[in-house]
Each structure stands twice: as structure tokens, then as C-alpha cells.
Amino acid sequence: MSLVVIGTVAFDAIETPFGKTDKIVGGAATYASLAASYFYDKVKIVGVVGDDFHKEDIEEIKAHGIDVEGLQIKEGEKSFFWSGKYHNDMNSRDTLITDLNVLADFDPIIPSSYQDCEYLLLGNLSPQVQKTTIERLNKRPKLIVLDTMNFWMDIALDDLLETLKLVDVLTINDAEARQLSGEYSLVKAANKILQMGPKYLIIKKGEHGALLFHENKVFSAPALPLAEVFDPTGAGDTFAGGFVGYLAKVGTVNFNNMKNAIIYGSALASFCVEKFGTEKIKNLSTDEVAQRIEQFVQLSSFTIEK
Ligand code: AMP
């Protein structure tokens, strides 16, 4: 049994009030698979890079026990490139460049060794490719989680709506939930989005935590108040990877486990933003992760005096 993660494996150039990076390794699948690897040991990537991607960077991903057989390397082509700039309010950012490059005609190949997929994370990528991935699995996974962003709502809304009918969980941020539903209230937005296909909806609210909606239930998870948010890039993907990685580890999908999974995802995302790119989430110890989870437990634990 395995957890298959599909998404971009990319180069990013990031600017925040704390500094600027040249091209560094990023991409939704990179962040998500690294995060998932802290909880589950059978994580497999599907993606594509150009021949400008360094062998050592792929080795670093493999060093986390992540299977890269499904990562295609296109000779003579360039990797997906994204550039973004954050201002003092790190909850919003400007995308400066999105160069699809190898992604423009990406045809996801699912190696036969990936057909044991039980948990599928459709990381941020074209909804058409996300759908094709589901179709190319011989057996429907036990859980399909889809992450997306405004970019795809802007250019491929119909494809996205088709793909949403096939998934169990959708993770998006608050602005994207409003865009997708046309509702400002997140409760109304959630009600509408839950009619579009997913049984569970997670709305990420950056430094204000995340909300999980399912039927008529809602769960609110905090975000850890941090003195310094260095670089929020990849926090959403890291969240999704930690979330599914934890569910794959426990092996049972229900509302209660989803609540815990959101805390695990939030804990990993809180590490992600502490350094540029994948620097922090590449090098975590199990003790650090366990302590961070405990901080989350303490953060909103209280008893009511009667
Ligand atoms: P997040 O901050 O969680 O939204 O993820 C940022 C990561 O997503 C970066 O590493 C980018 O390479 C990647 N990314 C940015 N735009 C897109 C896009 N349109 N499709 C897929 N991945 C993207």
C-alpha cells in the first residue's frame, strides 16, 4: 500500500521582507512528499522536471525514502518555474512569473509499482492532469485529496469542476474558497463547495489556522503564533502532505482522524515557513515534530469552570 503524491516539482524564486532567493527547489509535490515522509514510509511521487533539475536535488528527495520512479526527466526541456513576492502581510502574495515549461504538455505516467496506491494526493497542478491520474489508477484509492489554487480556477475552471466530482477532500485557502463559490461567508462557501463533489473541505487561513467542514460538522484548528514568518511558500502543500501522511499512517479515514491530521499538517506547515523554501522541512527530527504537535495540543486546550 502506498501514498502517491502528484504535483509540481519546480524551481522557485521568492522574495519576502526578509530576503530574496535565486532559483531554489520547490513545487507542490516536493513540499507535500517531504512532509508526508515524516509520518509514512511509502510515499511515491508523480511529476516532471527538465534536464536543468539537478541530480543532487532528486537525491535529496530520495533520501527521505520517497520513490521517484514516477518523476519524468525531459531532456532538452526546462522545469516548471514560479516566482512570487510577499509583502509585510504574508497572507497574500503576488505571483510574478508562472512558466509552465515541461508542465505545458505533462502526461503523467503511473509506474505499475504505484498501482498499490491507497492514498492519493493530487497536489497543485492542472485539473486535467489531476483527473487523468485518477483514471490511470486501476483501483480507486481509499482516499483522494485535491489541492489547487486560484491560477487553475482562472484558466481551467470547467476541468476543475469535473475533477472535483471525483475527490473526497478539497484543500484551498479562504480567498480561493470565496472565488470558487462566489460567497464571502466561509460557511456559505463551504456549503456550496460540498455540493460540488468533495465530502470534506479544508479551508486554510494562513496564520489564522484552518477549518474542516464535513456534512453539518465543522472543526477549527489553530495556527501556531510565530514571531517570524520567514517564507510562506509551500506551506499549503506541506500542510496537505502532513495531513495525508498522517491519515495513511493511521489507516482509517473518519472525521476524528481528519481533525488530528489537520493538526499534523498544521504542525509541519509551521516549520515550513520558518526558513526559505524546503530548507526547514528537509531536516526535521522526529523529536522536533513530536514537540511541535504537543505545542498545538497546548495552544487551544482549556477547561470550562462551572
Ligand atoms: P503554496 O505556497 O503552498 O501555494 O505552494 C507554492 C509552491 O507551488 C511553489 O513551490 C510553486 O512552485 C508551486 N506553484 C506555484 N504556482 C503553481 C501552479 N499554478 N501550479 C502548480 N504549482 C504551483
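The lining of the second largest pocket is made up of five nonpolar, three polar and four charged residues. This pocket belongs to a predicted model, and the volume of the second largest pocket is about 170 Å³. Its lining consists of Ile 24, Val 25, Thr 30, Leu 34, Asp 57, Glu 60, Ile 61, Phe 276, Gly 277, Thr 278, Glu 279 and Lys 282. Strand β4 (24-26) and helices α1 and α2 (55-62) are the elements that each give two or more residues to this lining. Helix α2 provides the largest share, three residues.

Helix α1, one of the contributors to that pocket, spans residues 28-36. All nine of its nine residues are buried, so the helix is largely enclosed by the rest of the structure. From one end to the other, the buried residues of α1 are Ala 28, Ala 29, Thr 30, Tyr 31, Ala 32, Ser 33, Leu 34, Ala 35 and Ala 36.

Thr 8 is located in the loop between β1 (2-6) and β2. The relative accessibility of Thr 8 is 7%, and because buried means under 20%, Thr 8 counts as buried. The side chain of Thr 8 reaches the backbone nitrogen of Ala 28 at 2.9 Å.

Empty space inside the protein was also examined. Rolling a probe the size of a water molecule over the atoms shows where empty space is left. The count comes to one cavity of 30 Å³ or more, and the largest cavity holds about 30 Å³ of space. Helices α1 and α8 are the elements that give two or more residues to the lining of this cavity. The residues that line the largest cavity are Ala 28, Ala 32, Leu 121, Gly 123, Asn 124, Asp 147, Asp 237 and Ala 240. By class, this lining has four nonpolar, two polar and two charged residues.

The ligand is surrounded by 19 residues, and the closest are Asp 12, Gly 27, Arg 93, Gly 234 and Asp 237. The shell around the ligand divides into nine nonpolar, seven polar and three charged residues. Four elements, β2 (10-16), β7 (80-86), α4 (150-155) and α8 (235-250), each supply at least two residues of this shell. Helix α8 gives the most, with three residues.

For Asp 12, an N or O atom of the side chain is 2.4 Å from an oxygen atom of the ligand. For Arg 93, a polar side-chain atom lies 2.9 Å from an oxygen atom of the ligand. For Trp 152, a polar side-chain atom lies 3.1 Å from a nitrogen atom of the ligand. Taken alone, the ligand exposes 510 Å², and the protein buries 94% of that area.

Leu 180 lies in helix α6 (residues 174-181). With a relative accessible area of 11%, Leu 180 is buried. Leu 180 and Met 153 are 27 residues apart along the chain, and their C-alpha atoms are separated by 7.2 Å.

Two loop residues other than glycine have a positive phi. Asn 101, in the loop between β8 (93-99) and β9 (117-122), has a phi near 45°. Its relative accessible area is 31%, so Asn 101 is partly exposed. Glu 215, in the loop between β13 (210-214) and β14 (217-221), has a phi near 50°. At 58% relative accessibility, Glu 215 counts as exposed, because exposed means over 50%.

Notes
Residues numbered from 1 in each chain as written. Predicted model: local features only at pLDDT ≥ 70, side-chain atom pairs only at ≥ 80, totals over all residues. Heavy atoms only, no water. Near = heavy atom within 4 Å. Polar contact = N/O pair within 3.5 Å; in protein donor to acceptor, adjacent residues only side chain to side chain. Areas by Shrake-Rupley, 256 points an atom, 1.4 Å probe, with all protein chains shown as cover. Nonpolar A, V, L, I, M, F, W, Y, C, P; charged D, E, K, R; others polar. Buried < 20%, exposed > 50% of the residue type's maximum accessible area, 1.4 Å probe, protein only. 1 Å grid on protein atoms, 1.4 Å probe; cavity = no way out; pocket = protein on both sides within 12 Å on 5 of 7 lines; lining within 4 Å. Points joined across faces, edges and corners; volume = space filled by probe spheres on them.
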